[in-house]
Amino acid sequence: MNNDLSRIDKLSKYLKFSLGTLIVIGVIMVYSASYMYAKEKFGNSGYFFIKQTMFVLFSLGIAFVVSKTKYKFWLKFALHVNYAACFLLTLTFVPGLKTVVKGANRWLRIGGFTLQPGEFVKYTIVLVSIVFFEKFQEFDRNKKINYLVCMGLPFILLILQPDFGTFSICFFAMSFVCFLSSFPRKYFYSAFITGIVVGGAVLISAPYRVKRLLAFLNPWENAQGSGFQIIQSWIGFANGGFFGTGPGNSIEKLFYLPEAHNDFIFSVIGEEFGFVGVMALVLLFLSVIFFGFSLAMKVKLRDGSLLMAAVIFVVGIQSALNMGVVLGLLPTKGLNLPFISYGGSSLMSNLFGIGLFFAVLRSYRSKDSSSSFNTSTNSKSPTTSSFQNLRNQA
């Protein structure tokens, strides 16, 4: 037990270092990517830098507070938390509160602040999914229906906004939780295939999404329109070469590359720090994924281990999708780069998830094993069990 705790302490320190490094890089790069735009629009080159710093401090406070709570509290009230997130999603359709950007109702304006509720849904859907799939065989019909409605409502609202990027992350996060849970496999595979088919139908149902898909396949066909961002992103990486143009020397951020401090900040990093900087950032994200999953496999709390793995999966899949979009490997989805891109909602939601991650660790260290839904004598984490099953099948 002492050896396990010692190993957990080391992995936890490595994870915190990787996350802290990403956050610091994010603040620096937000300033680098936005100072000219901020000077032109607001008359203050540090406008976005100051706001991002405030977002970081506030979000770290959220992570600290959540990490001190009992994670079983969030699972117990998962339905309520998810319904609250859905309520905020609903408000994005209310005139006077909604903020429409490029035809999408994804933001709320409250006072002088904007909030993107979809960022929080990624984690509330994880909480609900863990409870539903782990206790599926214990629930009666009414409870199953209640949870299914709660899980399905965010997807409907995200389609209506529309926000297919967050829709995709929620779907894959739910599928990931389902795969690692004790949910019957015969139901999992049929539900997953059905979800893929429905998701594909949703993808091609809107003309703007089809246009984005075609732009991804051949951006040069409409170089001044739908393919403009991808082409400018490629130019940024090409300018960067192997070692980059140097900190602050990006040309693409000078009003050529839209959303340079947000969705396409990875391109600015590629231009200023080159292939070396890109690989360093990728390795940092991979270290977060490696240390996060390693810790999840060490924790002997079935629902807690599943929650930890799901949080890291959400961070990992969004990072991969953003990098894929910026590199022109995937269609544009309006997703930012976690901990790096500008935005308070993204920082708050992702650090809320990290807070949940460390809440499980704290619970395990205090030997609060009674918080697990699984009261059997099997102490293996779901991640460990699933990996062993895959090896046996092979």
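These legends describe close-up views of one predicted model. Residues are numbered from 1 along each chain as its sequence is written, and side-chain values use heavy atoms, with hydrogens and water left out. Because the model is predicted, local features need pLDDT of at least 70 and side-chain atom pairs count only at pLDDT 80 or more, while totals for chains, interfaces and linings use all residues.

**View 1. Helix α5 packs against helix α13.** Helix α5 covers residues 118-134, and helix α13 covers residues 344-365. Helices are DSSP runs (H or I, at least four residues), numbered from the N terminus. The two axes lie 7 Å apart, at an angle of about 25°. Axes are lines fitted to C-alpha atoms over the stretch in contact, and angles run from 0 to 180 degrees between N-to-C directions. α5 and α13 are therefore roughly parallel to each other (angles under 35 degrees). From α5, the residues in contact include Phe 120, Tyr 123 and Leu 127; among their partners in α13 are Met 348, Phe 352 and Leu 356. Contact means heavy atoms within 4.5 Å.

View 2. A salt bridge is a side-chain nitrogen of Lys or Arg within 4 Å of a carboxyl oxygen of Asp or Glu. Lys 122 is buried, at 1% relative accessibility. Glu 119 is buried too, at 4%. Buried means under 20% relative accessible area, exposed over 50%, and partly exposed in between (1.4 Å probe, protein chains only).

**View 3. Arg 302 meets Glu 134 in a salt bridge.** The N to O distance is 2.9 Å. This pair links distant parts of the chain: Arg 302 is in helix α12 (residues 302-326), Glu 134 is in helix α5, and 168 residues separate them. Both residues are buried.

**View 4. Arg 365 pairs with Asp 9.** The closest N and O atoms of this salt bridge are 2.8 Å apart. Arg 365 lies in helix α13 and Asp 9 in helix α1, so the pair ties together parts that are 356 residues apart in sequence. Arg 365 is partly exposed, with a relative accessible area of 39%. Asp 9 is partly exposed as well, at 31%. The whole structure holds four salt bridges.

Methods:
Helix = DSSP H or I, 4+ residues; strand = E, 2+ residues; numbered from the N terminus. Parallel < 35°, antiparallel > 145°, perpendicular 65-115°, else oblique.
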